[in-house]
Amino acid sequence: MDEAHIEADRRFCIADRAQVVKGQGGLPKVRITSPEVSAEMYLHGAHVTSWKPAGTEEVFFVSRQSRWEHGRAIRGGVPVCFPWFGNNADNPNAPAHGLVRTKAWQLESIVQSDGAITVSMFTESDDETRRWWPADFHLALHATFGSTLTLALVVTNTGTTTRRFEEALHSYYRVGNIQDVRVRGLDATKFLDKPDANLEKAQRGDIAIVSETDRVFLDTSGPVDVDDAALRRRVRTVKDRSLTTVVWNPWVTKAQALSDLADDEWPEFVCVETCNVAAFAVQLAPGQQHTMQSVVTVSRL
């Protein structure tokens, strides 16, 4: 860690609760250890990599082959995708999932309240982001770690032109075995099936992951549950100001094509993503602010 991050620890740390420390690859992270919760959040991408409420197992999956280095995204946890999701339709050379996953964010505050700890980080447009997207923006992520996890992504248009953007909190939920998982809460919802030429279909019943799954569910606002028979737990995502939900697992072949995911890791996670993508991208006028929120809880099955 450099002097700036040592100074950040001096400025923001909460004794015996939250510290800025050196993480994987020497990247600085906020480490939270309290009777209520343990958690980790990297300044690299404002990336939550761990959340473990007292009495529970780790909620998030992180690949053992993840690249912990500048310029590369962390594989797992909760990547922040902005201002586009997936590949940029207008420029195939642009970074996948946007501009902020591999950016060094700034730590704004660490605040404790009623047993929970809120970590706030932010980033802004600069010469590098304008290479790919000619917009001025301020982006903040407020992560409140406690018996529940609340993630609030706040986008402010600091420019003079209305901008359209996509956004996602790309959560990788750790599971015992993907084949014992059911994703509930999206019955009768229309979705775009990416592995099948992006055809629009309608979900029937619960989602069982039996092959490569990459579905963009449209016009969704209700809670989504990941019911995990192997770990005997339910992970529930409740969202606000998000009108799409993505469910993803690469399965065997796609996992083998990902250099930062071990070939045998695909059964260990399912992504359920709070997002605004495709036709539900956000239009934001100059000076306006948009907040998308995800609240995650864990309970026993």
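How far is the sulfur of C275 from the closest cysteine sulfur? The distance is 8.6 Å, to C81, which is too far for a bond. The model is predicted; local features need pLDDT of at least 70, side-chain atom pairs count only at pLDDT 80 or more, and totals for chains, interfaces and linings use all residues. Residues are numbered from 1 along each chain as its sequence is written, and side-chain values use heavy atoms, without hydrogens and water.

The structure holds zero disulfides (a disulfide is a pair of cysteine sulfur atoms within 2.5 Å). C81 is in no disulfide. C81 is buried, at 0% relative accessible area (buried means under 20%, exposed over 50%, partly exposed in between; 1.4 Å probe, protein chains only). C275 is also buried, at 0%.

Aromatic pairs number 13 (rings of Phe, Tyr and Trp, the last by its six-membered ring, with centres within 6.5 Å; planes under 30 degrees apart are stacked, over 60 edge-to-face, the rest tilted). Y172 and W248 pair edge-to-face, with centres 6.1 Å apart and planes at 85°. This pair links distant parts of the chain, 76 residues apart: Y172 in strand β12 (residues 172–174) and W248 in strand β20 (residues 244–249). Strands are DSSP runs of E, at least two residues, and helices runs of H or I, at least four, numbered from the N terminus. Y172 is buried at 3%, W248 at 10%.

W251 and W266 form a tilted pair, 4.4 Å centre to centre, with 45° between the planes. W251 lies in helix α3 (residues 251–256) and W266 in the loop between α3 and β21 (269–276), so the pair ties together parts 15 residues apart in sequence. Both are buried. F61, Y172, W248 and F269 form one aromatic cluster.
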